[in-house]
Amino acid sequence: MGGACGYGNLYHQGYGLANAALSTALFNDGASCGQCYLIICDVGRSDMCRPGTAITVSATNFCPPNYNLPNDNGGWCNPPRPHFDMSQPAWLNIGIYQAGIIPIVYQQVKCWKEGGLRFTITGFNYFQLVLVTNMAGSGSIKSMSVKGTNTGWIPMSRNWGANWQSLAGLVGQCLSFAITSNGRQYIVFQDVIPAWWQFGQTYSTWQQFDY
């Protein structure tokens, strides 16, 4: 729940239990939030695997480094080590509980979601913080812009995790978003938020990314 990507309640947001916190090498300052990874226990390097199994997890959090411990003995999330701190239900798909840590092979894969993107707006007056959830395809955002009824396109910047910010007076305007995924797909979400929007509300769309 919660975490450095800003998704809050992972059940309500559709990420469920198949999720993981990424080490510094993978988290990329939040740019990897939402990405999906296929993970398999490396049976050639451990007898604590569940052979023939795999799990696909979503990146929903950050696993911070512990520089007081070595990379191979407790400091698992220290750079430059790629590491997934998995939820216990996800872990038990591929590893024996008593192992604690197992060697893996992994690959980023396409995310599959039901329905379209969702936008949650928080902030106040001239500060909008937009959380983007339920993103399929590459699962993560490379760049994002917002356009009000009375404005042109305004570039947004990543504030933290999957939250993007704008410092513009957009209250009372219908909002559109233009997003480029990390898979390089570009989609315009035209007029997806009505002019009577309020802070704290979530708006769903029918559009979705393929890559």
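**Exercise 1. The link of Cys41 and Cys49**

Determine which handedness the disulfide of Cys41 and Cys49 has in this predicted model.

*Solution.* Step 1: the sulfur atoms of Cys41 and Cys49 lie 1.9 Å apart, and the two residues form a disulfide. The cut-off applied here is a pair of cysteine sulfur atoms within 2.5 Å. Step 2: the torsion about the S-S bond of this pair is about -65 degrees, so the disulfide is left-handed.

**Exercise 2. The link of Cys5 and Cys33**

State which parts of the chain are tied together by Cys5 and Cys33, and whether each of these cysteines is buried or exposed.

*Solution.* Step 1: a disulfide joins Cys5 and Cys33, with 2.0 Å between their sulfur atoms. Step 2: Cys5 belongs to the segment before β1 (19–22), while Cys33 sits in the loop between α1 (24–27) and β2 (36–41), so the bond ties together parts that are 28 residues apart in sequence. Step 3: the angle about the S-S bond of Cys5 and Cys33 is -85 degrees, and the link is left-handed. Step 4: residues under 20% relative accessible area count as buried. Cys5, at 0% relative accessibility, is therefore buried, and Cys33, at 4%, is buried too.

**Exercise 3. The link of Cys36 and Cys111**

*Solution.* Step 1: Cys36 and Cys111 form a disulfide in which the sulfur atoms are 2.1 Å apart. Step 4: Cys36 counts as buried at 4% relative accessibility, and Cys111 counts as buried with a relative accessible area of 1%.

**Exercise 4. The pairing pattern**

Give the number of disulfides and the pairing of the bonded cysteines in sequence order.

*Solution.* Step 1: the count is four disulfides. Step 2: when the bonded cysteines of the protein chain are numbered in sequence order, the pairing reads 1-2, 3-8, 4-5, 6-7.

**Exercise 5. The surroundings of Thr120**

Identify the residue whose side chain makes a polar contact with the side chain of Thr120, and explain why Thr120 is classed as buried.

*Solution.* Step 1: Thr120 is part of strand β6 (residues 118–124). Step 2: its relative accessible area is 12%, so Thr120 is buried, the limit being under 20%. Step 3: the partner is Thr202, whose side chain makes a polar contact of 2.7 Å with that of Thr120. Step 4: apart from neighbours within four places in sequence, Thr120 is in contact with Leu129, Val130, Leu131, Gln201 and Thr202.

**Exercise 6. Cavity and pocket**

Describe the lining of the largest cavity by residue class, and state which element gives the most to the lining of the largest pocket.

*Solution.* Step 1: there is one cavity of 30 Å³ or more, and the volume of the largest cavity is about 50 Å³. Step 2: its lining includes Tyr7, Cys33, Arg158 and Trp164. By class, the lining of the largest cavity comprises seven nonpolar, three polar and one charged. Step 3: the largest pocket has a volume of about 490 Å³. Its lining has 20 residues, of which His83, Phe84, Trp91, Ile101 and Ile102 lie nearest the centre. Step 4: β4 (84–86), α2 (88–91) and β5 (104–109) each supply at least two lining residues of this pocket, and β4 gives the most, with three. Step 5: the pocket lining divides into 13 nonpolar, four polar and three charged residues.

Note on methods. Residues are numbered from 1 along each chain as its sequence is written. This is a predicted model: local features need pLDDT of at least 70, side-chain atom pairs count only at pLDDT 80 or more; totals for chains, interfaces and linings use all residues. Side-chain values use heavy atoms; hydrogens and water are left out. On a 1 Å grid over the protein atoms alone, a cavity is a set of points where a 1.4 Å probe fits but cannot get out, and a pocket is an open set with protein on both sides within 12 Å along at least five of seven lines; lining residues have an atom within 4 Å of a point. Grid points are joined across faces, edges and corners, and a volume is the space filled by probe spheres set on the points. Ala, Val, Leu, Ile, Met, Phe, Trp, Tyr, Cys and Pro count as nonpolar, Asp, Glu, Lys and Arg as charged, and the others, Gly among them, as polar. Helices (H or I, at least four residues) and strands (E, at least two) are DSSP runs, numbered from the N terminus. Buried means under 20% relative accessible area, exposed over 50%, partly exposed in between (1.4 Å probe, protein chains only). A polar contact is a pair of N or O atoms within 3.5 Å; within protein, one must be able to donate a hydrogen and the other to accept it, and residues adjacent in sequence count only if both atoms are side-chain atoms. Contact means heavy atoms within 4.5 Å.
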